[in-house]
Amino acid sequence: MNDFNEIEKFLDSGIKESLSVNTRDDFSDKVMLEIKMIQEFERQDKKTGNLFNAMMAGVFTVIIMSGVILAYLLGISGGSESSESFLSPVNEFFDALGYKLSGIFGFAPSGEVFMYIFLAAAAAGVYALIDRLVIKRGYN
Amino acid sequence: MTEVKPEILERIRKGETALFREIVDTYRNMALSLTMKILKNREEAEDALQESFIKLFRALVSNGFESRAKFSTYFYTIVYNTAVDYYRKYYSRAFNVTSIEVHEAYYNDGDELTRDFEPMIDRSVYGEDSLSTEKNLDIAEVQRIIRGYINTIPQQYSVILNMFFINELSHEEISTILKLPLGTVKNRIFRAKEKLKEILFREFNKEELLEYIKV
């Protein structure tokens, strides 16, 4: 090997040696511990997220069911006189609500309007749920 | 060249977290050397490196790393960018690897390489008469000079030298990570070595040095 190559080799090893540093002995332990903690936090977050989703689903199910029941009750109230006694509290409630609203807005919405409002709320709830479960998850 | 086997990466991706330690153990010293060149402080350098490993882990488990890419290039890109972010946070200014500031009126090309190194010699850090060609070659002194030179050259050089010699990245990979022209990368490595050669031959007898090297 000629002088030039010898010098190059010597310089390279000298530079390497000068640049080298070592981490503390417990460095790997610290990294692995942090990873373990991150995973644990993520597991907890997932659990909380699932619980929240279940609660949201429960709330929206109640809203939807209420809407369906209300629609059913309003539907049969128009066709059958025998159910009037059963429906009277519902009708009275809407009458009272309509009276209050007419005082505020100058008109009284019918039971159907309330049903549409319920359906709109249910649709918004379902959208919010889908958004949380499907769309946003897709971005992560 | 140290490269992690794709099977290891795949197993980590599938949930064998403990295997990640293998990667940490393999790369920690080489990567710390890089963060040290940027941050110049062990605490900050280790913090930046720890965060780099966490980022790498997250990327592996979330399929952020494509197995077609070269692992070491991907990893050192994370390490470099994280260290640069830390630098910006601690020093409240951007890390400049591109240009070298020159203020001296009598600046000669290459002076920036020994700007902080020459005063060390003047202050007789290496001993009053240690740097004499008359004196017998003391190899410990040679090594101290190389170390002193490497530790005082501007970061624009030391980061590249580190990537080349310690991280074992190619010129092209360094150029990609630092977003510097390939020619600049090659030129800085060449100039840094030439200047070191010049210093050693100025301070020591060339024949003696060569004789020692050959042994």
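User: How do I read the packing of α2(B) and α8(B): at what angle, and with their axes how far apart?

Analyst: Start with the axes. They are lines fitted to C-alpha atoms, for helices over the stretch in contact, and angles run from 0 to 180 degrees between N-to-C directions. Here α2(B) and α8(B) pack at about 175°, and their axes are 9 Å apart. Angles under 35 degrees count as roughly parallel, over 145 as roughly antiparallel, 65 to 115 as roughly perpendicular and the rest as oblique. The pair is therefore roughly antiparallel. Keep in mind that this is a predicted model: local features need pLDDT of at least 70, side-chain atom pairs count only at pLDDT 80 or more, and totals for chains, interfaces and linings use all residues. Residues are numbered from 1 along each chain as its sequence is written, while chains are lettered from A and ligands numbered from 1 in the order in which they are written.

User: Which residues in α2(B) meet which in α8(B)?

Analyst: A contact means C-beta atoms, placed from the backbone, within 7 Å. From α2(B) come B:Met30, B:Ser33, B:Leu34, B:Lys37 and B:Ile38. They meet B:Gln155, B:Ser158, B:Val159, B:Asn162, B:Met163 and B:Ile166 of α8(B). An α-helix has 3.6 residues a turn, so residues three or four places apart point the same way. By class, the α2(B)–α8(B) contact has six nonpolar, four polar and one charged. Ala, Val, Leu, Ile, Met, Phe, Trp, Tyr, Cys and Pro count as nonpolar, Asp, Glu, Lys and Arg as charged, and the others, Gly among them, as polar.

User: How many residues of helix α8 of chain B are buried?

Analyst: Count C-beta neighbours. A residue is buried with 20 or more other C-beta atoms within 10 Å of its own, exposed with 12 or fewer, and partly exposed in between. In α8(B), residues 155–166, eleven of the twelve are buried, so this helix is largely enclosed by the rest of the structure. Among them are B:Tyr157, B:Leu161 and B:Phe165. After α8(B) comes B:Glu168, with a positive phi near 55°.

User: At what angle do the axes of α3(B) and α4(B) cross?

Analyst: Roughly 135°, with the axes of α3 (residues 42–61) and α4 (residues 71–91) coming within 9 Å. That makes α3(B) and α4(B) oblique to each other. The crossing is right-handed. On the α3(B) side, the contact includes B:Glu44, B:Asp47, B:Ala48 and B:Ser52. On the α4(B) side, it includes B:Phe75, B:Ile78, B:Val79 and B:Ala83. The contact of α3(B) with α4(B) divides into nine nonpolar, two polar and four charged.

User: Is B:Ser52 buried or exposed?

Analyst: B:Ser52 sits in α3(B). It has 26 C-beta neighbours inside 10 Å, so it counts as buried. Setting aside neighbours within four places in sequence, B:Ser52 contacts B:Ala31, B:Ile78, B:Val79 and B:Thr82. Its C-alpha atom is separated by 8.1 Å from that of B:Phe75, 23 residues apart along the chain.

User: Which residues touch the most other members of the largest nonpolar core?

Analyst: Such a core is a set of buried Ala, Val, Leu, Ile, Met, Phe, Trp, Tyr and Cys residues joined through C-beta atoms within 7 Å. The largest one has 55 residues, and B:Val79 and B:Ala83 touch the most other members. Helix α2 of chain B (residues 20–39) gives the largest share, eleven residues. Beyond four places in sequence, B:Ala83 is in contact with B:Leu34, B:Thr35, B:Ile38, B:Leu39 and B:Ala48.

User: How many residues does each chain give to the contact between chain A and chain B?

Analyst: Chain A gives 24 residues and chain B gives 30. On the chain A side, α1 (3–19) and α2 (27–79) are the elements giving two or more residues. α1(A) gives the most, eleven. That side holds eleven nonpolar, seven polar and six charged residues. Take A:Ile15, in α1(A). It has 24 C-beta neighbours inside 10 Å, so it counts as buried. A:Ile15 touches B:Ile146, B:Ile150, B:Leu161 and B:Phe165.

User: How many helices and strands are there in chain A, and how many in chain B?

Analyst: Helices (H or I, at least four residues) and strands (E, at least two) are DSSP runs, numbered from the N terminus. Chain A has four helices and zero strands. Chain B has eleven helices and zero strands. Of the 140 residues in chain A, 6% are buried. In chain B, 32% of 215 residues are.

Conventions:
Contact = placed C-beta atoms within 7 Å. Left-handed = near helix turned anticlockwise from the far one by under 90°.
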